[in-house]
Amino acid sequence: MKNLNIVKDFGALVLFALLLSCNNQTQPEEIVNNPPIFPKGQKGPDKFFTGNAYNYRLVPIDSTYTTLVGNVYFEPGARSNWHTHPAGQILIITDGVGYHQIEGGSIQIMKKGDVITCPPNVRHWHGASPDRELQQLYIVPNSEKGIVNWMEPVTDEQYKNFQS
Ligand code: MN
């Protein structure tokens, strides 16, 4: 009977689909690194960054706003050197997962929607987590006071010292 075969075939198809969906549930969660929201921009120089970090300026330094605004896209594992900002800095996380550390404190996790302030002249670094990219807007106010003073790289030992 032809009709019975169609029913049998349909049944096999449903069973196959169920097996596939069950199999999917046992897969580990896939890590997804999202594409850049803003243009990726220029790769940060190796003397200031470990790994691949891309800077794209959104609001240039000028005498009207005296505020520098830009975006950094850190690939997984990438981070800045230790540094300070003479007038401080505000970070707004737009995607991904990152690390931020003020010297003497523990590494803090940064996620989409977080707003982080770095006080003036405080040594710190920021970057991506080992498995996820970080997308962050940076705002440097009172840019006439200076933007950034670069220092030594964050070592692998310092970077891996994250305590969850
Ligand atoms: Mn900073």
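Before we start: this is a predicted model, where local features need pLDDT of at least 70, side-chain atom pairs count only at pLDDT 80 or more, and totals for chains, interfaces and linings use all residues. Residues are numbered from 1 along each chain as its sequence is written, and side-chain values use heavy atoms, with hydrogens and water left out.

**Stop 1: the metal**

Select the manganese ion together with H83, H85, Q89, H124 and H126. Its protein donors are NE2 of each of those histidines plus OE1 of Q89, lying 2.2 Å from the ion. Donors here are N, O and S atoms within 2.8 Å of the metal (3.2 Å for Na, K and Ca); water is not among the atoms, so sites may look incomplete. Along the chain the donors follow the spacing H-x1-H-x3-Q-x34-H-x1-H. H83 sits in strand β6 (residues 83–84) and H124 in strand β10 (residues 124–128), so this pair ties together parts that are 41 residues apart in sequence. Strands (E, at least two residues) and helices (H or I, at least four) are DSSP runs, numbered from the N terminus.

Are H83 and H124 buried or exposed? H83 is buried at 2% relative accessible area, and H124 is buried at 0%. The cut-offs are under 20% for buried and over 50% for exposed, with partly exposed in between (1.4 Å probe, protein chains only).

**Stop 2**

Now select E103, R123 and E152. R123 forms a salt bridge with E103, the closest N and O atoms being 2.9 Å apart. E103 is in the loop between β7 (89–102) and β8 (108–111), while R123 is in the loop between β9 (115–118) and β10, 20 residues apart. R123 also forms a salt bridge with E152, again with closest N and O atoms 2.9 Å apart. E152 lies in the loop between β12 (149–150) and α2 (156–159), 29 residues from R123. Shared partners join E103, R123 and E152 into one network. E103 is partly exposed at 45%, and E152 is partly exposed at 38%.

The rule is a side-chain nitrogen of Lys or Arg within 4 Å of a carboxyl oxygen of Asp or Glu, and by it the count comes to 6 salt bridges. Another one to pick out is K40 with E75, at 3.4 Å from N to O.

**Stop 3: aromatic pairs**

How many aromatic pairs does the structure hold? There are 6. Rings of Phe, Tyr and Trp (its six-membered ring) pair if their centres lie within 6.5 Å; planes under 30 degrees apart count as stacked, over 60 as edge-to-face and the rest as tilted.

Select Y99 and F162: this pair is stacked, 5.0 Å centre to centre with 20° between the planes. Y99 is in strand β7 and F162 in the segment after α2, 63 residues apart. Y99 is buried at 7%, whereas F162 is partly exposed at 26%. Next, W125 and Y159 have ring centres 6.0 Å apart and planes at 50°, so that pair is tilted. W125 belongs to strand β10 and Y159 to helix α2, 34 residues apart. Both W125 and Y159 are buried.

Finish with F48, F49, F74 and W150, which ring pairs link into a cluster.
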